[in-house]
Amino acid sequence: MPGSIARNHGALTVLICFLVAICEGVDLQAAGVAAPHIVPLFGLTPVQTGWFFSSSTLGLLIGAPLAGWLADRVGRKLMLVISIVVFSLFALSTAFAFDFDSLLVVRFATGIGLGGAAPNLVTLASENSRPDRRGLAVALMYCGMPLGGAMASLVTMIGGSDWRDVFYLGGGVPLILVPFVIVALKDSHREALATRTEQQRVGIVRALFGDGRAASTALLWTAFSFILLVMYLLLNWLPSLLVGRGFTRTVAAQVQIAFNLGGVLGCVVIGRLIDSSYRLIVALASFVATIAFLLALAAMPAVTAVAIVVGALVGFGILGNQAMLYAFAPQCYPASVRGTGVGAAVAAARLGSLLGPLVAGQLLGAGEDAATVLYAMLPFVGVGAIAGVTLSVRRMPEFHAHSPNPVSLSQV
């Protein structure tokens, strides 16, 4: 009976985190899909448009490490609830923005909430799962983000000219989920909070780099940053790059949706395999496959069916790799500083997301064609692959040694 309750609670935890992650995915891509309507409505210049896209990412750089650090002190569930409320209210407020300055404020504040939710979703899904299913649990949670991104695109396509619909969806639904998070979600770190004394005084530097964690932290940040650089380059520029290859905008939108849906499948498949004893082989194969898929994207003919399939495969690889890194992140840190560690990793990843769109913009501005931009992504994936594969073979015993009592852990 206790085992059955634990399994049910673990499944419920992952389900709730998955639903919140869908809302995060909607809000993360809402600005991009609504931009074609917002830019002419507010008369934004290219520079202002860039700031509009980047403001939420800048907020996330603050929210992720701050909320992760606070979660180690006041509890993961409390910080998740606060983060959901923040990004929900400000996502809704985006629909009522009236000028460029108000857009910046609400998107920056939305980013703080989004950043605060991410590390706590990862950690809660991981800590409430049995050890041999933690990778799958985090991957299942994370696949909600690309699914939410696909939903954002669909809402914009179905809603026509009313760009506010995507913000109503991304801001309204999370508020509905808040009561379920409060009532049904188990705070996996509560036991550790009740017994911790000296650990409460652990500084951020020691949490990230002390007790032999420096190498794991450096590898995690490197892999996260380079893979997310490529992911955000594609999220922002893939439709334009496809148009540059001779595809229509309608086909480009279809490929973008396929990219997200392929990413959902990649998260599930790679997340399941990464829990096996062949973790190194899985990590190596997933990165090599991603490089092959990017090569296919750069060299493919201008055929709609081929573009959709290849776009889905690229999403499978890139988003699946990202889910794998999210699964590795909690395993690098003991429970007492896990929120700090995962939050810092999420923030480091967002540095890559800031650079990705800029890299493509610089190459296109220099006169390079779409295929050259796609080929230019390969070295970034290569660096991320080296760091990710190296991380996959490191032993991380602290995760199991410092986790809450296994009897109290839920199972997936």
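## Disulfides and cysteines

A disulfide is a pair of cysteine sulfur atoms within 2.5 Å. By that cut-off, a search of the whole structure, which is a predicted model, comes up with 0 disulfides.

Take cysteine 267 as a case in point. The closest cysteine sulfur to its own belongs to cysteine 143 and sits 5.6 Å away, so the pair is too far apart for a bond. Cysteine 267 has a relative accessible area of 0%, so it is buried. Cysteine 23 counts as buried too, because its relative accessibility is 4%.

## The largest pocket

Now for the open space. The largest pocket has a volume of about 1,600 Å³. Its lining takes in 49 residues, and those nearest the centre are Gly32, Val33, Phe53, Leu235 and Asn236. Sorted by class, the lining holds 28 nonpolar residues, 18 polar ones and 3 charged ones.

Which helices each supply at least two residues of this lining? They are H1 (2-42), H2 (46-74), H4 (100-127), H6 (144-159), H10 (214-244), H11 (249-273) and H14 (338-365). H1 makes the largest contribution, with 10 residues.

In soluble globular proteins, nonpolar side chains tend to be buried together. Here, the largest nonpolar core has 98 residues, and the members that touch the most others are Met141, Tyr142, Leu234 and Val314. Helix H10 gives the most to this core, namely 16 residues.

What does valine 314 touch once its neighbours within four places in sequence are left aside? Its contacts are Leu234, Phe259, Phe293, Leu294 and Leu297.

## A look at leucine 175

Leucine 175 belongs to helix H7, which spans residues 165-184. Is leucine 175 buried or partly exposed? With a relative accessible area of 31%, leucine 175 is partly exposed.

Setting aside neighbours within four places in sequence, leucine 175 is in contact with Val85, Ser88, Leu89 and Leu92. Valine 81 is 94 residues from leucine 175 in sequence, and their C-alpha atoms are 9.5 Å apart in space.

How values were computed
Residues numbered from 1 in each chain as written. Predicted model: local features only at pLDDT ≥ 70, side-chain atom pairs only at ≥ 80, totals over all residues. Heavy atoms only, no water. 1 Å grid on protein atoms, 1.4 Å probe; cavity = no way out; pocket = protein on both sides within 12 Å on 5 of 7 lines; lining within 4 Å. Points joined across faces, edges and corners; volume = space filled by probe spheres on them. Helix = DSSP H or I, 4+ residues; strand = E, 2+ residues; numbered from the N terminus. Nonpolar A, V, L, I, M, F, W, Y, C, P; charged D, E, K, R; others polar. Buried < 20%, exposed > 50% of the residue type's maximum accessible area, 1.4 Å probe, protein only. Contact = heavy atoms within 4.5 Å. Core = buried A, V, L, I, M, F, W, Y, C linked by side-chain atoms within 4.5 Å.
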